[in-house]
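Dear colleague,

Please find below the structure that I am handing over to you. My notes on the contact between its chains follow directly after it.

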Amino acid sequence: MNVVEISNLAKNYGDIVALRDVSLTVPTGSRFGFLGPNGAGKSTTLRILIGLLRASGGAAKVFGMDAWTDSTKIRQRLAYLSGDARLYDGMTGTGLLRFIDRARGGGGWSEAKRLCERFELAAARKIRGYSKGMRQKLAIIQALMHKPDLLILDEPTSGLDPLMQHALYEELRGVTAEGRTVLFSSHTLSEVEQLCDRVAIVRGGRIVEAGTTESLRHRALRRIVMKRRGGFPETLALPEGMSVRSRQDGTLTGTWSGAVDPLVGWLAGLKLDDVSISQPSLEDLFATYYREQED
Amino acid sequence: MNVALFIKTLRDHRFFILGGSFLMGLFVVVFMFATNSLPMEQTKVWMDVPWIKSLITSLMGSDITGVLTPSGMATFSFTHPVMLAIMIAVVFSMASAGLVGEIDRGTIDLLASLPISRSRIYASVSAALLSCGPLMCVSLWLGAFVGRKLTGQTEIDMGNLVLVAVQFFFIFAFLCGMALGVSAMCSRRVVAITICFGAVLYAFTVNVLSAFWPALKFVSYSSFFRYYAPLKIVETQSVQWSSVAVLSIAGLVFWLAGLLVFRSRDFPAT
């Protein structure tokens, strides 16, 4: 059962193409990571799902309903955290949470109080005096407080310190443990890797890859770290399939895609002091996908 | 309508609404003191100056020379540009803050992600704005009532001023409809306010110029000030229902146009 079903979604702003032919599904109960750099089309996709934007083409369904025509019904079961969470500065944190609770029909206040304690937020103060991190915590609490079936979070850890990021990850794991779903956009790959079980990579308004985090990591891509006294010359001939990501103090880091035999043969001729071959991080995958697109 | 949003909109502007209403009432009191201190003969001399007479006639919607009574003088304050400016400032500020202001500040993401339809958001802000009208009308009337008591002008007919306040509500409602309509169509608050003030300036200019330049009489029908004629109400002792109808329909058209746009427009990230 899928909570979100997007097929051939397109969005244009005049002549500017923001999304083209985007298709993806988000299964119920998953923590779905939506990866891409700024301007890739992540926020546009999420805004279409919430009904803030109308798609120029294709279809976007949430809970089996059309994201535009049934948006009010959908939003009864969904909560959204905007990428750049703007709040009512003249209100106190408590005032904002009370307003959200009343506007949603009530029932979320006790959870809001628990979350304020969990995220160590002094909600009695005016939002105008909040730091960026405090604003982000408040925005997260307003999204979580009604225990929605689907949480759509656009870069939720922005502005949070590592301790609070960890607290958020735990909350989100708790959400999916209850069978609810999290759709999570980010350009910080490590957090998606830590948190999500499924991932889609978007670039230039297109999905370039989608699947489970594990399946992406198990593609024929390998992360290579090599060390050699005297370093590696700039003119080092690289075999096809090898991509260098960094070269520093006698250490060369890169990725290898393809069969392993040619790699082993090439490494044997380099007279290395040390070498490690490991599963790629999403960072590596990300860079590889982008390079493929550019090529 | 969403009650929480209705209350929030009123709370956000409570000082502005109460302050504006108080200032309007205070202005009426001060104006009545000022006019009471002028000898009626002096006023009549001024009314003999053609351009002053034309200007006052354009503002009052009727020739004042025949109605230079205390009630007639009291209605001056109900149509004075300063008083209208206070009312317009409250209306434009609230209408723009509630719709285009949300888009401009980026808080529309928070509001529009709640399970409230766009029509209900629009209706809630509209209802909050419209509910300020009676307060302003009462404030005007109370100002006149206090002014009457303080100046001892017991011959002022307070019943007639109730009718003027009723007509005032309809020009207020028209301005609400126009401001909400414009606000729903814009993405920048400053643009919406500029358009609204431009419309007021146009209406005021056409209304005043048409008193001096007969060729503009026909164009003056497009000025909403033409449909606010307090002196006619004092003369006829009844609300000008044809003007009320014009103001109501025009305001409703603007409001509906705004609703249609607000329901179907994009809210892009700011």
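Across the interface of chain B and chain A of this predicted model, 14 residue pairs are in polar contact, both at pLDDT 80 or more; a polar contact is a pair of N or O atoms within 3.5 Å, where within protein one must be able to donate a hydrogen and the other to accept it, and residues adjacent in sequence count only if both atoms are side-chain atoms. On the side of chain B that touches chain A, the elements giving two or more residues are α1 (3–12), α7 (100–105), α8 (108–112) and α14 (241–264) of chain B (helices are DSSP runs of H or I, at least four residues, and strands runs of E, at least two, numbered from the N terminus). The most comes from α8(B), with five residues.

The two chains bury about 2,300 Å² between them, 59% of it on carbon and sulfur atoms (accessible area, 1.4 Å probe, lost on being put together and summed over both).

There are two salt bridges between the chains (a side-chain nitrogen of Lys or Arg within 4 Å of a carboxyl oxygen of Asp or Glu). Lys11(A) and Asp266(B) meet in a salt bridge at 2.5 Å, N to O.

Ser82(A) lies in the loop between β6 (78–81) and α3 (93–103) of chain A. The side chain of Ser82(A) makes a polar contact with that of Asp109(B) at 2.8 Å.

Residues are numbered from 1 along each chain as its sequence is written, and chains are lettered from A and ligands numbered from 1 in the order in which they are written. Local features need pLDDT of at least 70, side-chain atom pairs count only at pLDDT 80 or more, totals for chains, interfaces and linings use all residues, and side-chain values use heavy atoms, with hydrogens and water left out.

Kind regards
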